[in-house]
Structures are given as C-alpha cells and as structure tokens.
Amino acid sequence: MAWQLRVDGERCMGSGMCAGMAPDHFTLEDDRARPLATSVEPHEAVLDAADSCPAMAITVVDGGREIAPRP
C-alpha cells in the first residue's frame with residue numbers, strides 16, 4: 001500500500017534536510033519543501049526525512065494512520 005506524504009507549508013522553515021535526505025521524494029520550492037508526489041511506495045528515506053525535519057512539518061500516512069514523524 002502506498003504512503004501519503006504531506007508537508008505543512010505553514011510549519012516548514014525551508015531547512016532542506018528532507019530534500020537532502022530523500023531527494024527522490026522532496027524538493028525545495030520558494031524556500032519551502034514539497035513532496036515530489038503525494039503518494040509514494042514505502043521507503044525508509046521518507047520516514048527518516050520526516051523524523052529529521054526540524055519544524056516537524058512532514059507527515060507520512062499509511063492507510064489512514066500517521067506513521068511519521070516517529071516519537
């Protein structure tokens with residue numbers, strides 16, 4: 001099952017960590033991160049990017065359940 005990626009544009013501070021850690025999944029646009037696709041195949045790099053976001057602006061959802069950022 002595909003994961004859903006969301007970036008909260010209000011929280012994002014444009015650090016670029018997500019794009020650096022998972023360039024196949026995130027990019028910076030106008031000093032804010034955005035996912036390259038909102039639905040992606042499961043990949044550890046996506047979870048790592050969500051966990052590493054200093055603003056906690058990235059959410060990964062699997063089947064309606066938030067799986068990242070992880071505690």
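Modeller: Cys18 is buried, at a relative accessible area of 6%, where buried means under 20%, exposed means over 50% and partly exposed lies in between, using a 1.4 Å probe and protein chains only. This is a predicted model, in which local features need pLDDT of at least 70, side-chain atom pairs count only at pLDDT 80 or more, and totals for chains, interfaces and linings use all residues. Residues are numbered from 1 along each chain as its sequence is written, and side-chain values use heavy atoms, with hydrogens and water left out.

A search of the whole structure finds zero disulfides, a disulfide being a pair of cysteine sulfur atoms within 2.5 Å. Cys18 is accordingly in no disulfide, and the nearest cysteine sulfur, that of Cys12, is 6.4 Å away. Cys53 is also buried, with 13% relative accessibility, and its sulfur is 6.3 Å from the closest cysteine sulfur, in Cys12, which is too far for a bond.

Turning to the packing, the largest nonpolar core has 20 residues, and those with the most contacts inside it are Trp3, Phe26, Ile58 and Val60. Such a core is a set of buried Ala, Val, Leu, Ile, Met, Phe, Trp, Tyr and Cys residues joined through side-chain atoms within 4.5 Å. Helix H2 (44–52) is one of the elements that supply at least two residues of this core, and the largest share, five residues, comes from H2; helices (H or I, at least four residues) and strands (E, at least two) are DSSP runs, numbered from the N terminus.
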